[in-house]
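Look at the sequence and the structure shown below. The report then goes through a few parts of the chain in turn.

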Amino acid sequence: MSNAAETRRRFTVPRAEDRARLDRLLADHVPTLSRSRLKNLIETGRVSIAGETITEPGYRVKPGQAVTLVIPPPTDETPHAQAIPLQIAYEDEDLIVVDKPAGLVVHPAPGNPDRTLVNALLAHCGDSLSGIGGVRRPGIVHRLDKDTSGLMVAAKHDAAHQGLSAQFATRRLSRTYRAVVWGVPRPGEGRIEGAIGRDTRNRKRMAVRLSGGKPAATRYRVLQSSTALWSLVECRLETGRTHQIRVHMAHAGHPLLGDALYGGARKRRLDERTRTAIAHCPRQALHAAALGFVHPVSGAELAFESPLPADMRALIEALTAVGGRRK
């Protein structure tokens with residue numbers, strides 16, 4: 001793993017480049033990087049103009065604008081096997097279903113070079129995973145955020161990976177989540193629809209966007225609530241966008257408890273007893289509770305369930321006990 005720091009390239013748009021596409025402008029000024037690499041850097045929020053993050057490769061620049069490109073350090077492309085305990089819900093010669101704990105990153109990335117689920121799978125499954133789904137994400141068909149717990153399926157060979165990926169693409173694979181959210185959604189059951197894309201002001205966040213995002217829809221159902229302050233909600237994904245449930249629930253006015261990125265500021269309006277209750281779950285209260293798909297080799301219909309983890313159970317019990325009051 002390289003210890004090199006990220007680098008920044010800054011330049012001012014010349015008059016001759018008026019209305020040029022951002023990706024073409026960068027290609028002219030940073031010829032050492034490929035067009036595809038530059039496009040990826042733009043779409044992942046690594047480019048800003050006059051301090052505002054731009055995620056559209058086709059953005060038209062204007063003379064005099066200050067452009068900043070952040071290039072992350074190179075990383076070791078080959079993850080290594082590491083003996084990390086796994087909670088296995090199901091396994092055969094074609095695939096493995098694991099119950100991921102909160103805090104475990106799915107695949108190596110800048111800031112988390114190892115000790116990931118991929119490293120654990122390589123140690124558990126052996127060399128059969130090598131290269132399936134990409135060098136850095138062997139066997140991975142879908143992902144969960146680091147602080148989201150619950151069920152995931154990984155493929156052990158190319159045929160299984162292709163079959164599972166096709167089910168994700170055609171939305172035949174079912175995923176159900178449980179989340180503790182602020183407030184009580186009304187109506188108690190419904191559908192949230194809104195295209196999701198990178199937040200133009202904060203590259204670490206996603207947002208519901210009027211243009212430039214990808215179509216996304218989430219069905220929800222309120223399962224439990226003891227006050228108007230919080231509720232336990234079941235969410236079913238119709239699509240699989242980054243941070244989808246977190247973004248959609250926040251957009252609907254009901255961000256997840258413990259979600260510092262999309263709703264953590266609400267903790268400031270709580271009394272001390274409720275703050276203490278929330279401390280039982282020091283992460284976004286989101287759990288992948290059910291997973292269903294057709295076995296890519298045998299054709300059998302498989303379904304798995306995972307109970308709420310201890311921290312979310314403790315959170316609900318504590319909130320119920322104190323009532324959950326605002327100041």
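## Helix H5

How many of the 8 residues of helix H5 (residues 244-251) are buried? The count is 6 of 8, which leaves helix H5 mostly covered. Buried means under 20% relative accessible area, exposed means over 50%, and partly exposed lies in between (1.4 Å probe, protein chains only). Helices (H or I, at least four residues) and strands (E, at least two) are DSSP runs, numbered from the N terminus.

The buried residues of H5 are Gln-244, Ile-245, Arg-246, Val-247, His-248 and Met-249. After H5 comes Gly-253, with a positive phi near 90°.

## About the model

This is a predicted model, in which local features need pLDDT of at least 70 and side-chain atom pairs count only at pLDDT 80 or more, while totals for chains, interfaces and linings use all residues. Residues are numbered from 1 along each chain as its sequence is written, and side-chain values use heavy atoms, with hydrogens and water left out.

## Helix H1

Helix H1 covers residues 22-29, and Leu-22, Asp-23, Leu-25, Leu-26 and Ala-27 are buried in it. These buried residues pack against strand S1 (7-12), helix H2 (35-43), strand S2 (47-49) and strand S4 (66-71). Contact here means heavy atoms within 4.5 Å.

## His-107

His-107 sits in the loop between strand S6 (95-100) and helix H3 (117-125). His-107 counts as buried because its relative accessibility is 11%.

The side chain of His-107 makes a polar contact of 3.4 Å with the side chain of Arg-137. A polar contact is a pair of N or O atoms within 3.5 Å; within protein, one must be able to donate a hydrogen and the other to accept it, and residues adjacent in sequence count only if both atoms are side-chain atoms. Neighbours within four places in sequence aside, His-107 is in contact with residues including Asn-112, Thr-116 and Arg-143.

## Glu-193

Neighbours within four places in sequence aside, Glu-193 is in contact with Ala-216, Ala-217 and His-248. His-248 is one of the buried residues of H5.

## Cysteines

The structure holds 0 disulfides, a disulfide being a pair of cysteine sulfur atoms within 2.5 Å. Cys-235 counts as buried, at 0% relative accessibility. Cys-125 also counts as buried, at 16%.
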